[in-house]
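Hi everyone, thanks for coming.

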Amino acid sequence: MAPNKITLSLLLLLATLTYSKAKLGHLKELEMTVYFQDYSGGPNPTVIAIPGPSTGPLNFTKFGAMFCTDDPITEKIEESSAPIARGQGLYVTSALDGSRTHVLISIVFINDECKGSTLEIQGSSPQLQRVREVAVVGGTGKFRLARGFASFETVYYDDGRQYAVIQCNITVLHY
Ligand SMILES: *[C@@H]1O[C@H](CO)[C@@H](O)[C@H](O)[C@H]1NC(C)=O
Ligand SMILES: *[C@@H]1O[C@H](CO)[C@@H](O)[C@H](O)[C@H]1NC(C)=O
């Protein structure tokens, strides 16, 4: 290529880069608290072992155990409150001693405001600790390029129904 052609290509490339940058806008910070309504047993479970379905209580500390989940996510702690999202994905007990699970879960929004947008939670969760922090590694729709963290705490558990409510605080930066 002639030098002036190279210069032109470079200029075009720079222009494209500048344009993309302008289109992204400013990073916004978002904080929210939501609740995973989690049924690991009973007639309509939202967490099952892979391969499933299983009978009896799930064993979350068995190395290599895999679970698929589709929990309703609510803004309020009450079981009867309207879901704003679903927590869909899987987790795998990834520590030999059963202390950690690898979480791969999408928060798929279903409310009017964010319908179809997602936040992607991925990482190693110290599942036996009271508060578990996992990274938020991405997002789609309203949460494109999201990055941040989420902390989880089981705030209610009914052994008889194998029903748990897991509080989740999310802090992300996104465009
Ligand atoms: C769960 O699995 C672990 C590891 O294999 C085992 O030690 C434990 O007894 C199991 N718990 C139940 C309730 O089966
Ligand atoms: C979520 O944030 C609230 C308010 O700061 C706090 O009381 C609660 O302990 C947090 N929960 C988790 C799981 O981080």
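Let's begin with the second largest pocket, which is lined by L30, M32, T33, V34, E75, I84, F109, N111, E113, C114, K142 and F143. A pocket here is found on a 1 Å grid over the protein atoms alone: it is an open set of points where a 1.4 Å probe fits, with protein on both sides within 12 Å along at least five of seven lines, and lining residues have an atom within 4 Å of a point. This pocket has a volume of about 190 Å³, where volume is the space filled by probe spheres set on the points, and grid points are joined across faces, edges and corners.

Before I go on, some housekeeping: this is a predicted model, where local features need pLDDT of at least 70, side-chain atom pairs count only at pLDDT 80 or more, and totals for chains, interfaces and linings use all residues. Residues are numbered from 1 along each chain as its sequence is written, chains are lettered from A and ligands numbered from 1 in the order in which they are written, and side-chain values use heavy atoms, with hydrogens and water left out.

Okay, back to that pocket. Which strand gives the most to its lining? That's strand 1, with 4 residues. When I say strand, I mean a DSSP run of E with at least two residues, numbered from the N terminus. By class, the lining has 7 nonpolar, 2 polar and 3 charged residues. For those classes, Ala, Val, Leu, Ile, Met, Phe, Trp, Tyr, Cys and Pro count as nonpolar, Asp, Glu, Lys and Arg as charged, and the others, Gly among them, as polar.

Now the largest pocket, with about 660 Å³ of space. It has 25 lining residues, and those nearest its centre are D38, Y91, R132, T154 and I166. Its lining splits into 13 nonpolar, 8 polar and 4 charged residues. Several strands supply at least two lining residues each: strand 1 (28–39), strand 3, strand 5, strand 7 (131–140), strand 8 and strand 9.

How do the strands pair up? Two strands pair if DSSP finds at least two bridges between them. Strand 1 and strand 3 run antiparallel with 2 bridges, and there Y35 sits opposite T74. Strand 2 (residues 47–50) is also antiparallel to strand 3, through 4 bridges, with I48 partnered by C68.

Moving along, strand 3 (residues 66–74) and strand 4 (residues 83–93) are antiparallel and joined by 9 bridges. In that pairing, I73 has A85 as its bridge partner, and T69 stands opposite G89. Strand 4 then runs antiparallel to strand 5 (residues 101–109), again with 9 bridges. G89 turns up here too, opposite I105 in strand 5.

Next, ligand 2. Which residues surround it? They are S151, F152, E153, Q167 and N169, where being near means having a heavy atom within 4 Å. Strand 8 has the largest share of this shell, 3 residues. By class, the shell has 1 nonpolar, 3 polar and 1 charged residue.

Let's look at some polar contacts, meaning pairs of N or O atoms within 3.5 Å. A polar side-chain atom of S151 is 2.7 Å from an oxygen atom of ligand 2. The side chain of Q167 has an N or O atom 2.9 Å from a nitrogen atom of ligand 2, while for N169 the distance to an oxygen atom of the ligand is 2.3 Å. On its own, ligand 2 exposes 360 Å², and the protein buries 48% of that; accessible areas come from the Shrake-Rupley method with a 1.4 Å probe.

Ligand 1 has N59, T61 and K62 around it. A polar side-chain atom of N59 lies 2.4 Å from one of its oxygen atoms. The protein covers 27% of the 360 Å² of accessible area that ligand 1 has on its own.

Most residues other than glycine have a negative phi, and most peptide bonds are trans. Here, though, a cis peptide bond joins I50 and P51, with omega about -5°, and P51 lies in the loop between strand 2 and strand 3. L145 isn't a glycine, yet its phi is positive, about 65°; you'll find L145 in the loop between strand 7 and strand 8. Q162 isn't a glycine either, and has a positive phi of about 50°, in the loop between strand 8 and strand 9.

Conventions. A polar contact is a pair of N or O atoms within 3.5 Å; within protein, one must be able to donate a hydrogen and the other to accept it, and residues adjacent in sequence count only if both atoms are side-chain atoms.
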